[in-house]
Amino acid sequence: MAVLNVNGKAVEYTADPNTPLLWVLREQLGLTGTKYGCGIAQCGSCTVHIDGAPVRSCTVPVNTVGDKKVLTIEAVAANGVLNKIQKAWVELDVPQCGYCQSGMVMAATALLAAKPNPTDADIDAAMTNICRCGTYQQVRAAIHAAAKA
Amino acid sequence: MTIQTSLGRRGFLVSGAAVAGGFSLGFHLPFDENVAHAQAVKELNAWVVIHPDDKVVIRIARSEMGQGTLTGLCQLVAEELECDWNKVTWEYPTPGENLKRNRVWRNFSTGGSRGIRESQQYVREGGAIAREMLIAAAAKQWNVPAGECSAANSTITHKASGKTVTYGAVAAAAAELEPPKEVKLKDPKDWKVAGKPLKRLDTVEKVTGKQLYGMDHTMPGLLNATVRACPVIGGKLKDFDASKAEKMPGVKKIFAIDGNAVVVVADTYWQAKTALDAVTTNWDIGELGKVSTETINAMLKEGLDAKEAFVGNKAGDAQKAIEGAAKKVEAVYSFPYQHHVTMEPMNATARYTADKCEVWCGTQNGEAALAAASEAAGLPVAKCEVYKLMLGGGFGRRGRSDYVRQAVLAAKEMPGTPIKLIWSREEDMTHCQYHPTTMAKMTAGLDAQGNLVGLHIRLSGQSILASLLPQNLVNGMDPIAFQGLMQTGVEAAYGYDLPNLLFDHAMRNPHITAGFWRGVNVNQNAVYMECFMDELAEAAGQDPLAYRLKYLKPKWAAVLKAACDKAGYGKPLPEGRFHGISQVMGYGSYVAGVAEVSVSKDGQLKIHKITAATNPGHVVNPAQIDRQVAGSFVYGLSAALYGEITVKDGAVEQTNFDTYNVMRIDEMPDVETVLVPTNDFWGGVGEPTIAVAAPAVLNAIAKATGKRVRNLPLMHHELKKGV
């Protein structure tokens with residue numbers, strides 16, 4: 001039995017030490033909002049925050065996380081109140097199929113924390129998540145809207 | 001208009017498998033309190049259930065996969081129902097219930113941009129019938145004629161007495177009444193809910209991680225599995241060695257299915273995947289191992305000049321007209337295999353016992369998934385059921401049930417235990433039904449004034465129907481190979497009125513499975529047709545828009561003009577930028593696009609802006625159409641820039657996003673949509689616009705560089721001047 005700090009709580013899990021954080025979150029902790037899309041840190045569907053930084057959890061061995069703070073999509077809305085990014089996402093009706101959107105929200109939340117007024121170039125650099133439905137135009141608009149909110 | 005109602009009402013309590021099973025098993029219901037009510041609430045009809053607290057549950061048979069059909073169909077029902085949109089929620093009926101109830105919800109299949117255009121009438125009838133029953137129940141309660149009562153915003157009013165009652169208060173009584181035989185549907189001019197840019201019903205769950213997809217399904221006792229099928233489609237499994245893998249942590253069982261794949265079942269997916277990596281396999285691939293992209297291309301090339309070909313569209317005598325023309329223009333185009341790459345890899349959960357087989361999955365075709373489950377289980381359909389979950393993308397991929405079959409075969413190995421079978425991205429990438437590869441030889445004759453006097457399009461390449469639905473071939477011919485080039489019809493008709501044309505298809509079918517891919521055959525046919533039209537305009541020394549307008553029929557011309565007007569086509573552009581145009585009719589709608597691009601001195605392409613016009617007939621949700629059109633350019637331009645599946649030693653070479661690139665946000669052009677509905681037909685929206693993306697950009701590139709790109713994807717082409 002090992003321990004992770006996830007969404008502000010110490011949680012116990014049992015998994016081989018090399019298991020990617022993604023699968024511990026999904027299969028051991030039931031946090032299925034973090035998605036599997038590629039397994040090679042390309043698509044960003046599995047993005048979580050580790051100590052505030054956006055990370056692709058599909059290639060992070062769980063034994064390297066230690067006592068760092070892991071934040072997943074399930075806890076970005078503190079006390080049930082959507083964060084600025086989520087509110088903008090709802091206001092602009094961003095998601096289509098939605099499968100990539102947890103990762104998009106996590107990446108955009110981290111971007112705004114680092115750069116409260118991101119330029120289009122900042123958005124291009126930070127939002128490398130793949131969306132196949134093609135929500136990019138709404139994603140960009142929603143990040144700008146959240147920055148102004 | 002008055003129409004004969006096509007819906008009957010039966011006393012069906014919503015306590016069947018759909019809702020009860022759904023609750024215990026994570027089935028999607030936006031409001032949990034509905035579940036408790038659902039046990040006792042009787043439906044008004046198949047489409048509408050109203051709870052005592054006024055909540056409206058609308059049942060949607062088509063699958064939501066991002067395209068917004070769920071919200072659009074709910075708008076149509078709610079419009080006729082005259083209910084409060086804020087009270088609306090939704091649920092999926094199950095395919096098994098549909099069969100038990102004599103297909104009361106009709107077609108579950110969600111493809112071909114059909115969701116709204118082919119079910120709009122019967123879902124609107126469903127809403128209208130329910131409304132009439134609610135009014136009748138209130139009138140009966142008040143002892144007044146129903147004709148004196150009206151309904152709006154979930155409230156029934158008797159004007160003379162000033163009495164009002166909400167739907168929830170009379171729904172139970174209404175459910176006992178006979179449905180009316182006839183209802184009058186509203187004129188779209190009077191729509192208040194439909195036709196409006198309402199927000200989607202499924203957004204909050206998708207930004208909080210709460211939305212459950214097939215991949216997220218869980219239930220007590222569930223085990224996880226993963227699969228490795230023969231890398232060569234059509235190859236067989238000779239033998240495998242699992243001696244190392246079976247000792248690994250969490251592994252429960254390792255076995256072969258279908259004679260072509262090995263499955264590992266373990267406690268977790270990661271354990272199953274790790275163990276599968278340790279399984280060695282021997283495949284029997286025979287002669288298929290000699291097939292490569294080169295041999296496939298040679299096969300298609302031969303078809304370009306073959307004597308035998310299926311004729312799909314013919315007028316006058318094209319060959320004679322071309323022979324006698326003042327000028328002959330010829331070009332050969334090609335289009336590669338492409339992959340859908342849904343964000344969520346294929347997966348399904350199945351539980352099998354000797355007398356019941358259940359499946360939980362995202363599917364574009366619940367009834368096909370049910371049939372696949374029945375066949376794989378060896379049980380009659382009546383003993384099988386499919387519970388639909390949200391799809392992490394479809395694009396045609398989830399219209400096929402191969403992954404459902406595998407999950408059921410795996411579950412059969414461990415009766416009673418639910419098995420969630422997940423494909424790795426690598427398995428997904430290499431075992432698809434791919435966008436077919438085709439080539440086209442374009443031959444045209446121009447007279448001395450540049451007029452187009454004859455056109456021959458010889459298609460050569462793979463048939464989707466031959467690959468997936470051979471029973472649908474017509475005397476060996478694949479009619480949908482001519483999508484976008486068809487003579488007539490509401491689906492995909494050719495828009496140019498030409499005296500002499502011949503469009504024929506030399507069918508060449510490699511062993512790679514071909515299938516439906518968002519936009520299907522309109523995609524490559526639009527590239528051939530619309531890029532060559534620019535070539536002809538150039539040969540005639542005329543402007544591409546003016547040249548097209550000489551031949552385009554009115555509806556095709558109107559939408560192209562609308563896009564060009566909005567884009568400012570013909571007006572000066574910033575230095576170094578060029579416009580390219582294209583149009584097509586597909587899935588019942590008329591669409592056009594104008595691309596504004598630049599190519600730098602070192603050959604760097606930038607797509608600055610896209611202006612896209614759509615005439616879908618009736619507009620159900622303009623905001624969702626806008627999203628679908630903008631998204632179509634991501635999908636269509638990803639394919640144009642990077643989309644290419646290649647074959648080596650009989651197997652697909654690409655395995656993941658590192659070898660199969662797609663567009664990211666930094667390449668996304670600004671997309672402006674223009675809606676020009678004529679309100680006289682019902683067209684589809686999800687697919688047609690894909691087809692104008694590539695040709696508009698290719699035509700703009702030709703203007704910018706003088707280079708005509710005829711073979712996709714663009715990444716193989718050097719756009720630098722002088723190279």
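Between chain A and chain B, 3 salt bridges are counted, a salt bridge being a side-chain nitrogen of Lys or Arg within 4 Å of a carboxyl oxygen of Asp or Glu. In one salt bridge, the side chain of A:K35 meets that of B:D216, with an N to O distance of 2.4 Å. The structure is a predicted model, in which local features need pLDDT of at least 70, side-chain atom pairs count only at pLDDT 80 or more, and totals for chains, interfaces and linings use all residues; side-chain values use heavy atoms, with hydrogens and water left out. Residues are numbered from 1 along each chain as its sequence is written, and chains are lettered from A and ligands numbered from 1 in the order in which they are written.

Polar contacts also join the two chains, with 27 residue pairs counted, both residues being at pLDDT 80 or more. A polar contact is a pair of N or O atoms within 3.5 Å; within protein, one must be able to donate a hydrogen and the other to accept it, and residues adjacent in sequence count only if both atoms are side-chain atoms. On the side of chain A that touches chain B, at least two residues each come from helix 1 (21-28), helix 2 (84-91), helix 3 (101-114), helix 4 (120-126) and helix 5 (136-148) of chain A. Helices (H or I, at least four residues) and strands (E, at least two) are DSSP runs, numbered from the N terminus. Helix 5 of chain A gives the most to this side, with 5 residues. By residue class, the side of chain A that touches chain B divides into 23 nonpolar, 17 polar and 9 charged residues. Here Ala, Val, Leu, Ile, Met, Phe, Trp, Tyr, Cys and Pro count as nonpolar, Asp, Glu, Lys and Arg as charged, and the others, Gly among them, as polar.

The contact (heavy atoms within 4.5 Å) takes 49 residues from chain A and 56 residues from chain B. About 4,300 Å² is buried between chain A and chain B, 57% of it on carbon and sulfur atoms; buried area is the accessible area (1.4 Å probe) that two parts lose on being put together, summed over both. In chain A, the most area is lost to chain B by A:D93, A:R132 and A:Y136, together 20% of what that side buries.

Chain A contains 5 helices and 5 strands, arranged along the sequence as β-β-α-β-β-β-α-α-α-α. Its radius of gyration is 15 Å, close to the 15 Å that the globule rule gives for 149 residues, so chain A is as compact as a globular protein of that length. The radius of gyration is taken over C-alpha atoms, and the globule rule is 2.2 Å times the number of residues to the power 0.38. Of the 149 residues in chain A, 56% are buried, where buried means under 20% relative accessible area, exposed over 50%, and partly exposed in between (1.4 Å probe, protein chains only).

Helix 1 of chain A is mostly covered, 6 of its 8 residues being buried. These are A:L21, A:L22, A:W23, A:V24, A:L25 and A:R26. They pack against strand 1 (2-6), strand 2 (9-13), strand 3 and strand 5 (69-71) of chain A, together with helix 8 (269-277) of chain B. After helix 1 of chain A comes A:G30, with a positive phi near 70°. A:A41, in the loop between helix 1 and strand 3 (47-50) of chain A, has a positive phi of about 60° although it is not a glycine. A:A41 is partly exposed, with a relative accessible area of 30%.

Over all chains, the structure holds 48 salt bridges. In chain B, the side chains of B:R398 and B:E344 form one at 3.3 Å, N to O. B:R398 lies in the loop between strand 18 (384-388) and helix 12 (402-412) of chain B and B:E344 in the loop between strand 15 (327-335) and strand 16 (347-353) of chain B, so the pair ties together parts that are 54 residues apart in sequence. Both B:R398 and B:E344 are buried. A further salt bridge joins the side chains of B:D534 and B:R708 (4.0 Å, N to O). Both B:D534 and B:R708 are likewise buried. A network of salt bridges links B:E43, B:R59, B:E91 and B:R101.
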